[in-house]
Amino acid sequence: ATASLTFTPPTIDIARTGTVNWAFATTHNVIFNAAAGAPGNITETSTGTVARQFNTTGTFTYTCTLHGMTGTVIVH
């Protein structure tokens with residue numbers, strides 16, 4: 001999550017049980033909109049890295065509700 005208000009990359013493909021790391025350059029959150037099988041949301045975070053493991057196959061979209069940014073994790 002960048003200071004220019006984008007998730008980079010906006011889409012990522014991972015294997016089931018894989019982990020995605022979100023590195024925060026400024027305050028953002030990651031909300032999965034209660035998608036079945038999605039990991040827990042990430043509350044407002046301003047610095048550092050937060051990881052989430054994906055144990056369910058599927059396509060999981062997420063949003064930073066503070067800025068309207070979106071991203072997608074595709075789990076195979």
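**View 1. Overall fold of the chain.** Read along the sequence, the predicted chain runs β-β-β-β-β-β-β, with seven strands and zero helices, where helices (H or I, at least four residues) and strands (E, at least two) are DSSP runs numbered from the N terminus. The model is a predicted one, in which local features need pLDDT of at least 70 and side-chain atom pairs count only at pLDDT 80 or more, while totals for chains, interfaces and linings use all residues. Residues are numbered from 1 along each chain as its sequence is written, and side-chain values use heavy atoms, with hydrogens and water left out. The C-alpha atoms fill a box of roughly 30 × 20 × 15 Å along the principal axes. Buried residues (under 20% relative accessible area, 1.4 Å probe, protein chains only) make up 34% of the 76 residues.

View 2. The largest pocket holds about 170 Å³ of space, a volume being the space filled by probe spheres set on grid points that are joined across faces, edges and corners. A pocket is here an open set of points on a 1 Å grid over the protein atoms alone, where a 1.4 Å probe fits, with protein on both sides within 12 Å along at least five of seven lines, and lining residues have an atom within 4 Å of a point. Among the lining residues are Ala1, Phe7, Pro9, Ile12 and Tyr62, while strand S2 (residues 18–24) gives the most to the lining, with four residues. By class, the lining has eight nonpolar, two polar and no charged residues, with Ala, Val, Leu, Ile, Met, Phe, Trp, Tyr, Cys and Pro counted as nonpolar, Asp, Glu, Lys and Arg as charged, and the others, Gly among them, as polar.

**View 3. Surroundings of Trp22.** Trp22, which lies in strand S2, counts as buried because its relative accessibility is 3%. The C-alpha atoms of Trp22 and Val50 are separated by 5.3 Å, although the two residues are 28 residues apart along the chain. Leaving aside residues up to four places away in sequence, Trp22 touches residues including Phe7, Val50, Phe54 and Tyr62, a contact meaning heavy atoms within 4.5 Å.

**View 4. Surroundings of Asn29.** Asn29 lies in strand S3 (residues 28–30) and is buried, with a relative accessible area of 5%. Beyond residues up to four places away in sequence, Asn29 touches residues including Phe7, Ile42, Cys64 and Thr65.

Conventions
Buried means under 20% relative accessible area, exposed over 50%, partly exposed in between (1.4 Å probe, protein chains only).
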